Amino acid sequence: MGTTTSIVAKNITDPLTDARVYGWDKAEFTDKVLSKGSCRTAFRGSITVSSGKLKGHAPTAGWVSVDGTQPCVVKIFHKGQVKQADAWRDDAHVLRVMRATATKFNDAFRVKGAKEILVADAVLAKVDTIDRGWFASNSFKFAKDDLVFVEPYLDGSWDKFFNNFGWFNPRRTITLEAFAHFSWAASGGQVLLCDLQGVRSKGSYLLTDPAICSQVEGACGPTDWGIKGQREFFMRHECSSLCNKLPRLCAVNPAAMRRTMDRGTSFTQVMSTDARARKEAADRVIRIIAAYRTPT
């Protein structure tokens with residue numbers, strides 16, 4: 001006679017390639033909400049891994065490397081569940097771009113005293129069984145074969161450092177602001193990694209659920225404010241010794257700088273492009289960043 005619904009999701013796959021993550025058995029969670037954003041809801045659960053190193057598809061960052069059960073976060077869209085992995089591929093491409101940028105940034109800026117940037121990996125899972133308690137509200141109406149996005153549960157003090165439209169945490173973070181600035185410079189202005197959030201440790205940041213502001217509003221999903229989002233960042237970003245030699249966007253608007261900013265993620269309209277075009281765009285940006293020569 002429980003008041004919650006218990007869900008088991010199996011068939012765990014890579015969100016970009018659909019490749020099966022062998023040895024990752026199941027994710028279990030209830031419909032008790034952990035957090036709720038503007039377009040997604042998150043639940044805390046656990047994932048069971050019997051062999052996390054097989055086939056080269058197993059994610060790493062944020063996950064415990066030993067077999068067994070470990071905590072996770074399961075995410076769904078507000079507007080009902082989705083059956084196709086394409087709905088999550090925007091998120092996965094953004095993570096892929098951020099991971100490539102972090103590798104380049106870490107190599108170039110670690111010697112300058114920057115903390116290491118780590119990017120939490122994620123997988124997709126398909127709902128297999130649903131056990132509704134007698135008094136469960138059934139608010140989310142889970143159904144068999146619904147796809148859910150599964151990320152590691154980040155152990156530590158979670159924080160949002162800045163969003164995708166000009167809000168900055170009063171506790172400014174030199175490394176992460178330099179990282180966002182670097183993403184814009186290294187990509188030739190193609191992307192600005194923003195909406196950075198996660199946990200910090202003594203020598204690193206482990207980040208999850210970022211956004212991209214590209215050159216075309218909505219091209220990278222509903223959190224992409226395009227050039228407007230890039231300008232909002234640079235209007236408020238103060239360069240440090242880490243990034244003061246990088247080129248930057250000239251974006252001075254005193255009236256806009258006086259606005260009170262909301263810390264929440266801001267949303268716009270999605271530009272309709274097919275999955276192949278978005279993959280090719282991400283591939284192109286990653287190649288540009290890989291070839292970038294960081295000023296010394």
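Reader: At what angle do the axes of α1 and helix α5 cross?

Author: This is a predicted model, in which local features need pLDDT of at least 70, side-chain atom pairs count only at pLDDT 80 or more, and totals for chains, interfaces and linings use all residues. Residues are numbered from 1 along each chain as its sequence is written, and side-chain values use heavy atoms, with hydrogens and water left out. Axes are lines fitted to C-alpha atoms, for helices over the stretch in contact, with angles from 0 to 180 degrees between N-to-C directions. The axes of α1 and α5 (residues 275–291) come within 9 Å, and their crossing angle is roughly 5°.

Reader: Are α1 and α5 roughly parallel or antiparallel to each other?

Author: Angles under 35 degrees count as roughly parallel, over 145 as roughly antiparallel, 65 to 115 as roughly perpendicular and the rest as oblique. The helices α1 and α5 are therefore roughly parallel.

Reader: Which residue of β6 stands opposite I7?

Author: Strand β1 (residues 5–13) and strand β6 (residues 123–132) run antiparallel and are joined by seven bridges; two strands pair if DSSP finds at least two bridges between them. Helices (H or I, at least four residues) and strands (E, at least two) are DSSP runs, numbered from the N terminus. The residue of β6 opposite I7 is I130.

Reader: Is T173 buried or exposed?

Author: T173 lies in the loop between β8 (158–162) and α2 (174–186). Buried means under 20% relative accessible area, exposed over 50%, and partly exposed in between (1.4 Å probe, protein chains only). With a relative accessible area of 3%, T173 is therefore buried.
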